[in-house]
Protein chains: 2
Amino acid sequence: MSRLIDGKAVARVIHEQTALDVASLLDDGIVPALAVVVPTTDPGTAWYVRSIARAADRLGIRCLIEQLDEPTPTTIADQLAALSADQDVHGVICQTPLPPGATLANLGGAIAAAKDVDGASPTSFGLLAAGSAEAFAPATAQAVVEILRHEQIPLVGRRVVVVGRSMVVGKPAAMLLLAENATVTVCHSRSSDLPSICREADVLVAAVGRPGLIGAEHVRPGAVVIDVGTNPTPDGGLVGDVDEAAVAPVASALTPVPGGVGPVTTALLLRHTVVAAARAAGPPA
Amino acid sequence: MSRLIDGKAVARVIHEQTALDVASLLDDGIVPALAVVVPTTDPGTAWYVRSIARAADRLGIRCLIEQLDEPTPTTIADQLAALSADQDVHGVICQTPLPPGATLANLGGAIAAAKDVDGASPTSFGLLAAGSAEAFAPATAQAVVEILRHEQIPLVGRRVVVVGRSMVVGKPAAMLLLAENATVTVCHSRSSDLPSICREADVLVAAVGRPGLIGAEHVRPGAVVIDVGTNPTPDGGLVGDVDEAAVAPVASALTPVPGGVGPVTTALLLRHTVVAAARAAGPPA
């Protein structure tokens, strides 16, 4: 029976460092601030944004929520650019789903590189792929790697299979895992024989957005399974992409949903905001 | 016994379209121009640059070779920026190897996005990964996909293994192959049991820069092998990463070195230059 990985415990470790850095910024008269542009009334998004705001509040980070009532690609880009130009804002993120005609690849470019704390711009992605420390990784993708690191799961030379090829999770996670010297396979809806490919994995990362996609037949006995899915249930809850009951007897360790990748993602987003604020303030005198 | 794929034949098909587009640009009084910054005296680089210049000349594309005698990160970036600002230059590329302290990720950013015809900047890489048609792919990575397309090798749902994780070939090739709906594995020097991973491949792409790295034990019978390696031999020739004699009896098709990926890469670089010139000229009246 697999061990459940406690995402909240990983998040707490990250929050501890963030709290120290916030205190140091406040000493210098700087209030770190994250701006969240919300171009949707999706209830799942609203729930996630509230959870970011609560966590920010607990840490002493200012959180500005900019709800757009009639979002268009232009109004969203304008809002992102305006927040990027605001000296009192250190991190800018844009929530999804986006209205028709808008893509994160295009909108992300409107966020100033130094404030792109969720790695949404093509430039941030390219710098990440190149191994540059300048850019911030998408928080969800980085959460995958942070959890593996915290759990001391070996990655060097190991097989990691990432299911999903989004710019928000699949592709950046693949880049981060390559940087950890894992052998990385990316598969997706068009992959033939998904179960057998997934069974090659020492570490399986599910990031598709389909409840129950990953069953026992996808998991090599003893593999570690990271579930990035956050699918709303009819009763207002969340389930991942992994059929937890089926996979638990096979995997050696598994992240639950909720309580796995999610809290770590939020912690990293706030961590990035504080790092951005510290960088904007310049080196300590 | 495997079929040798004729890279020169693929290049000719690309050149034919390029020649038509050059004629149309010349009609409008525009001479498409590619600038090549050469911050090295490496003989292999010099050979490659001469081959670009010859191919450009044959197509009526102006080729400016900017040899830097005492290259530093600053002088290279300044040169790339100056050429990017020159209205008569449509494509700008930077050759390697680079001097100490210089990285393509940093220097690529000095090339204007619209003129980055070898996809060297982080922004171009990010746009490529996002599937945007705005940016140019690194020519070598795109050559891999163009060859497979020309040879009508099916990719949808198939296993492709890329050996090598550089920003010039391995990573962008992985992004392009994902866009073709292949299942893509990237392995590298730290991968455990490279031969057995490589044998999973329907298509094996070798892009490491180590002569003879890929032998018969790396190739599933009937697989297609694309050799991106260009390693100089003591007698002034070139060999790839694939042991051609060993692999030929196992693979169904194989690109030779020289005469495989190389000519297609040059053809795409010139094609990109002409596309950049046409874009700069704006839509036809």
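Is Arg149(A) buried, exposed or partly exposed? At 45% relative accessibility, Arg149(A) counts as partly exposed; buried means under 20% relative accessible area, exposed over 50%, and partly exposed in between (1.4 Å probe, protein chains only).

This is a predicted model: local features need pLDDT of at least 70, side-chain atom pairs count only at pLDDT 80 or more, and totals for chains, interfaces and linings use all residues. Residues are numbered from 1 along each chain as its sequence is written, chains are lettered from A and ligands numbered from 1 in the order in which they are written, and side-chain values use heavy atoms, with hydrogens and water left out.

View 1. The side chains of Glu146(A) and Arg149(A) meet at 3.2 Å, N to O. A salt bridge is a side-chain nitrogen of Lys or Arg within 4 Å of a carboxyl oxygen of Asp or Glu. Helices (H or I, at least four residues) and strands (E, at least two) are DSSP runs, numbered from the N terminus. Glu146(A) is buried, with a relative accessible area of 18%. In chain B, Arg149(B) bridges to Glu146(B), with the closest N and O atoms 3.2 Å apart. Arg149(B) is partly exposed at 46%, while Glu146(B) is buried at 18%.

View 2. The whole structure holds 14 salt bridges over all chains. In one of them, Asp21(A) pairs with Arg271(A), the closest N and O atoms being 3.0 Å apart. Asp21(A) is partly exposed at 24% relative accessible area; Arg271(A) is buried at 18%.

**View 3. Two residues of helix H10 in chain A.** Thr273(A) is buried at 0% relative accessibility. Beyond neighbours within four places in sequence, the contacts of Thr273(A) include Ala33(A), Ile61(A), His90(A) and Val117(A). Contact means heavy atoms within 4.5 Å. Ala280(A), also placed in H10 (residues 261-281), is exposed at 62%.

**View 4. Strand E5 of chain A.** All 5 of the 5 residues of E5 (residues 159-163) are buried, so the strand is largely enclosed by the rest of the structure. Arg159(A), Val161(A) and Val163(A) cover one side, Val160(A) and Val162(A) the other. E5(A) pairs with E6 (residues 183-187) in the parallel sense over 5 bridges. Two strands pair if DSSP finds at least two bridges between them. Val160(A) stands opposite Val184(A).

**View 5. The interface of chain A and chain B.** Here 31 residues of chain A are in contact with 31 residues of chain B. The chains bury about 2600 Å² between them, 56% of it on carbon and sulfur atoms. Buried area is the accessible area (1.4 Å probe) that two parts lose on being put together, summed over both. There are 2 salt bridges between the chains. Glu200(B) reaches Arg159(A), with the closest N and O atoms 2.9 Å apart. Arg159(A), Glu200(A), Arg159(B) and Glu200(B) are linked in a network of salt bridges.
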